[in-house]
Amino acid sequence: MPAATDAAPLKILHVFRAPLGGLFRHVLDLARGQAERGHEVGIFCDSTTGGARADEVFAELGPRLSLGVTRVPMSRYPSLTDARAQISAIGSRRRAAPQVVHAHGSKGGVYARLPALLSPGRRYMTAYTPHGGSFNYKPGSTEHRIYMGVERLLEPATDMFLFESAFIAGRFQACTGHLPRTDHRIVLNGISEAEFAPIDHASATFDLVYLGELRSAKGVDTLIQSLALLKTSGGLSPRVLIVGSGPDEALLKQMTVDNGVAEQCVFEPPGPIRAALAKARVMAIPSRAESLPYVILEAAAAAQPLIATDVGGIKEIYGPRHAPRLIPPNDPTILADTISRTLAMPEAARRAEATDLANYVRANFCLDTMIDGVLDAYRSTLARRFG
């Protein structure tokens with residue numbers, strides 16, 4: 001299939017694993033925006049994760065995607081399931097006949113790029129957005145070295161690297177030993193104008209809220225340890241809403257009991273972020289690893305007072321004025337002190353600080369800029385590849 005002209009619509013297939021978290025949000029925003037601009041769009045992803053929330057999203061978005069939504073079982077880690085999913089991915093691509101196959105995350109990168117590696121005469125281009133993934137997985141471990149070997153193997157099958165942050169572009173270079181040898185761009189995640197409406201905290205009943213996956217990389221255990229320190233050394237017992245799901249949920253619930261803070265902590269399943277933000281005066285994200293997290297972008301845009309760690313691309317969201325407020329990960333003492341100081345601030349001071357950060361995000365992380373930047377990258381690569 002020849003490359004389209006600048007005026008012609010494109011056929012785009014997005015390939016990824018789990019319909020969860022920031023990666024899912026990124027794909028949904030791209031797919032919806034591309035469809036609204038007249039392009040034919042499809043999605044290929046896992047059928048075993050995402051739960052009712054993913055089912056609802058696909059029920060709403062699916063009719064707008066002319067190339068459809070295909071979901072098959074996929075595993076998080078390498079397994080025999082991969083072979084069946086790989087065959088399904090190849091079949092889905094052949095049926096859709098896209099001009100662009102855009103892979104997201106490490107697993108999506110394998111499903112989309114391995115066939116391309118074996119098909120030098122293919123008539124479609126591949127784009128790849130890592131989203132952190134294997135680049136952040138246990139750096140220095142044997143598993144990480146294997147994953148980076150796979151990344152180097154698949155690089156020749158990648159026509160365009162689209163990094164969503166300067167941080168991940170830097171991780172690619174650090175982990176593979178070089179910048180991509182093919183086309184690559186940084187196209188920052190973006191959010192919509194509606195998300196800049198400030199959160200109303202008039203009915204807030206919690207002091208802190210955490211939103212995200214319940215797994216080690218997110219550092220929720222550090223938050224629980226900091227609550228124990230506040231209680232034993234400072235006599236403070238802030239109420240905390242923990243919103244999310246993940247493999248460590250039972251472990252973290254038990255940890256609140258073991259640390260004597262269970263009565264302060266309420267766990268809720270994932271839901272709309274703005275509803276959760278409205279329930280608490282301050283959001284705390286104590287992550288050990290991130291890429292360019294949407295939960296920080298969305299909260300910052302909504303002028304939610306924030307406590308966050310200096311990991312991944314969070315510094316890019318905060319910008320030079322607010323980056324000094326970020327704290328190191330894995331330090332419950334510093335986190336406890338920051339929580340104490342933040343909750344003690346006058347509400348007007350917290351609001352002014354949050355509003356200033358929202359203005360920075362508005363100027364630098366626009367949804368339309370992200371969608372158009374990705375489409376421009378597609379067209380540039382199609383023109384280069386197919387002339």
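Mentor: On a 1 Å grid over the protein atoms alone, a cavity is a set of points where a 1.4 Å probe fits but cannot get out, and lining residues have an atom within 4 Å of a point. This is a predicted model, where local features need pLDDT of at least 70, side-chain atom pairs count only at pLDDT 80 or more, and totals for chains, interfaces and linings use all residues. Residues are numbered from 1 along each chain as its sequence is written, and side-chain values use heavy atoms, without hydrogens and water.

Trainee: How many cavities of 30 Å³ or more are there?

Mentor: Three.

Trainee: What lines the second largest cavity?

Mentor: Gln304, Pro305, Leu306, Arg325, Arg350, Glu353, Ala354 and Leu357. Its volume is about 40 Å³, taken as the space filled by probe spheres set on the points. H13 gives the largest share of that lining, four residues.

Trainee: And the largest cavity, how much space lies in it?

Mentor: About 70 Å³. Its lining includes Leu13, Phe44, Arg93 and Tyr124.

Trainee: Switching to helices. At what angle do H10 and H13 pack?

Mentor: About 115°, with the axes 7 Å apart. H10 covers residues 294-301 and H13 residues 347-364. Axes are lines fitted to C-alpha atoms over the stretch in contact, and angles run from 0 to 180 degrees between N-to-C directions.

Trainee: Which residues make the contact?

Mentor: Leu297, Ala300 and Ala301 of H10 meet Ala354, Leu357, Ala358 and Val361 of H13. Contact means heavy atoms within 4.5 Å. Ala354 and Leu357 also line the second largest cavity.

Conventions:
Helix = DSSP H or I, 4+ residues; strand = E, 2+ residues; numbered from the N terminus. 1 Å grid on protein atoms, 1.4 Å probe; cavity = no way out; pocket = protein on both sides within 12 Å on 5 of 7 lines; lining within 4 Å.
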